[in-house]
Amino acid sequence: MKNDETKIEIRNLTMAYGSYIVMRDIAATVQRGSIFVIMGNSGSGKSTLLRHMLGLQRPAQGDVLYDGESFWGVDDEARQAQLRKYGVLFQSGALWSSMTLAENVALPLVEYTDWSAADREDVVQLKLALVGLSGFEDYYPAEISGGMRKRAGLARAMALDPEILFFDEPSAGLDPITSRNLDKLILELRDSLGTTVVVVTHELASIFMIADDSIFLDADTKKMRVQGNPRDLLKHSTDEKLRNFLTRGGAS
Amino acid sequence: MSNVSSPNLLVERPSPDTLLIKLSGDIRGQSELLSIGVVRDVMDPTTGARLLLFESAGVSAWDSRFVAFIRKCAELCRTRNVELRDEGLPEGVRRLLRLAQAVPERIDARQVFVKAPLLQKLGESAIRGWRDTLELFTFLGENLAALGNLLRGRAQFHWPDALLVMQECGPQALGIVAMINFLVGLILAFVGATELTRFGAPIYVADLVGIASVREMGCLMTGIILCGRTGAAFAAQLGTMKVNEEISAFQTFGISPVEFLVLPRMVALIVVMPFLCVFADLISIAGGLLVSISMLDVTATEYLTRTIHAIQFKSFLLGIGKGSFFGFVVAYAGCFRGMQSGYSAAAVGEATTRAVVTGITAIVASDGIFAVLCNALHI
């Protein structure tokens, strides 16, 4: 494993709400171009870990490194610069409800590029087409279905061609087919763009379909258990809790 | 030997250390029948019962209250060291009981409410108040920094957003502002008319209505209307955006929510309020005029001449200056409470309430301070 292949490093991260500790000493590395899954039972702190990686919540201890650069150890301005490296698809899509889909995707471009309006429009149409939403440019988020909202959120996350994409529970609230299509889309994007992908999920079908690498968070011990490819973990891991999780309780 | 009996429940004692509860018929909704007190009485330690049996072959229908009753019996048996055998219970009840016992109670899950002493409560609310004040000023700082960025042309600020807010809180508020201020003008004139007529100087109603409207009532009433109408809307909008993770989405794009969401609202209200105040002043004076020409021996020309004569330009400027400040207060309270909102529907409701309360309190309090200052400075 060459060192320059590491895209993200989570270094001894301890997460807490006030004095209540959620997880301690999480340490993991995410390889460039891989799909990394954060697994865990409901309430184990998966989404909290994501918030720490996104800069929405300050860690109680430890740091996250992007391309070897500290994220939490630097001042706000330097951190702002790092934000440009990634895009996020929130659980509910989190589209800006007062804007149309096109405006949602266009806003990051307006803020961070000096492109002409025509160029922006072309790129917005391309991004919406990539997620299968051509023709929905002028719809408001409230006018489309939950699955479409997620895809539109993905288009927005990809607006600035980020090197990393974060997904918070991509399959939550979606039917199996839509969910599978979203997984296919994630794989397709990784293969064609080389994007590093971090996914928070507890959906087994999705985990086995897309994950190259994963960590498992255990709510009871408040520790991370192991890092590895979930398919290998299922075959070789002797960790009973993890096996239980990966087999829907069938291992016990 | 039978101890206790009622239509569908019979407690028997087939042997000295055995209790048998016999149930029959439809025991749905008969809560007075399924009284744990009865079981507790017959299971008194002095009676030496060691075993509790059930017989329910005659039960035709039961509901959750019955299961809850059996669960209570089981708990009682545990504490009294009595063995409970569930063979005699209906199959469904036994399954439900097993399901309820499958996961033992999490000892630390049940929350214990300790009644805090008065002094502790006082201290806690003082700390909360202090934190709230700190947040209030932090937010003020963020806003001033954002305003600085705006003036240097570096803010993530979109004028169309500000214009849209102006449209919503300006022209669309004209109806309610007109109605309220017209009524205030009427009321002021009525109060003045009865008193001033006694002194034989009804024409001074024009002075009263004019000065009061322009200096105080116009901007005060408009500020309060805007607070209930627009301040509450701001808090609800931002609060909902927070619940929906839209604010987080802005942050992950490095777009400052203060510059992008709060600043346009702030600028819009500060710009719109003076215009609304001028409008409010005119309508209020019209209200006074209506009362004067219909009740008093005053013509419209006399009234208007007197009004123009009475109102000083500095009073007019003071009025619209205060109006602009109240606009800032309303936007500030609305946005601050909205951004402070928690992540639930109830939290958004609370944010809205607090926005209006904070806004109105701040408007009236600052108006008082303005009055004292103006008096001291002879404005």
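**Close-up views of a two-chain predicted model**

**View 1. Packing of helices α9 and α11 in chain B.** Helix α9 (residues 257–295) of chain B packs against helix α11 (residues 313–340) of chain B at an angle of about 145°, and their axes are 7 Å apart. Axes are lines fitted to C-alpha atoms, for helices over the stretch in contact, and angles run from 0 to 180 degrees between N-to-C directions. Helices (H or I, at least four residues) and strands (E, at least two) are DSSP runs, numbered from the N terminus. α9(B) and α11(B) cross in a right-handed sense. A crossing is right-handed if the near helix is turned clockwise from the far one by less than a right angle, and left-handed if anticlockwise. Their contact residues comprise 19 nonpolar, four polar and two charged. Ala, Val, Leu, Ile, Met, Phe, Trp, Tyr, Cys and Pro count as nonpolar, Asp, Glu, Lys and Arg as charged, and the others, Gly among them, as polar.

The model is predicted: local features need pLDDT of at least 70, side-chain atom pairs count only at pLDDT 80 or more, and totals for chains, interfaces and linings use all residues. Residues are numbered from 1 along each chain as its sequence is written, while chains are lettered from A and ligands numbered from 1 in the order in which they are written.

**View 2. Helices α3 and α5 of chain A.** The axes of helix α3 (residues 101–112) of chain A and helix α5 (residues 146–157) of chain A come within 8 Å, crossing at roughly 25°. α3(A) is therefore roughly parallel to α5(A). Angles under 35 degrees count as roughly parallel, over 145 as roughly antiparallel, 65 to 115 as roughly perpendicular and the rest as oblique. The crossing of α3(A) and α5(A) is right-handed. α3(A) contributes Leu101(A), Asn104(A) and Val105(A) to the contact, and α5(A) contributes Ala152(A), Ala155(A) and Arg156(A). Two residues are in contact if their C-beta atoms, placed from the backbone, lie within 7 Å. By class, the contact of α3(A) with α5(A) has four nonpolar residues, one polar and one charged.

View 3. Met158(A) sits in the loop between α5 and β7 (164–168) of chain A. Met158(A) is buried, as 22 other C-beta atoms lie within 10 Å. A residue is buried if 20 or more other C-beta atoms lie within 10 Å of its own, exposed if 12 or fewer, and partly exposed in between; C-beta atoms are placed from the backbone. Not counting residues up to four places away in sequence, Met158(A) touches Gly87(A) and Lys127(A). Arg180(A) is 22 residues from Met158(A) in sequence and 19 Å from it in space, C-alpha to C-alpha.

**View 4. Two residues with positive phi.** Most residues other than glycine have a negative phi. Asp161(A) has a positive phi, near 50°. Asp161(A) lies in the loop between α5 and β7 of chain A. Asp161(A) counts as exposed, with 10 C-beta neighbours inside 10 Å. In chain B, Asn81(B) has a positive phi of about 65°. Asn81(B) is in the loop between α2 (64–80) and β5 (83–84) of chain B. Asn81(B) counts as exposed, with 9 C-beta neighbours inside 10 Å.

**View 5. Ile10(A) in strand β1.** Ile10(A) belongs to strand β1 (residues 6–17) of chain A. Ile10(A) counts as buried, with 23 C-beta neighbours inside 10 Å. Leaving aside neighbours within four places in sequence, Ile10(A) is in contact with Ile26(A), Ala27(A), Ala28(A) and Val64(A). Asp25(A) is 15 residues from Ile10(A) in sequence and 9.3 Å away in space, C-alpha to C-alpha.

**View 6. Where chain B touches chain A.** Chain B gives eleven residues to the contact and chain A gives 13 residues. The side of chain B that touches chain A has three nonpolar, six polar and two charged residues.

**View 7. The chains behind the close-ups.** Chain A has nine helices and ten strands. Its radius of gyration is 18 Å, close to the 18 Å that the globule rule gives for 252 residues, so chain A is as compact as a globular protein of that length. The radius of gyration is taken over C-alpha atoms; the globule rule is 2.2 Å times the number of residues to the power 0.38. Chain B has twelve helices and five strands. Its radius of gyration is 36 Å, well over the 21 Å that the globule rule gives for 379 residues, so chain B is more spread out than a compact globule.
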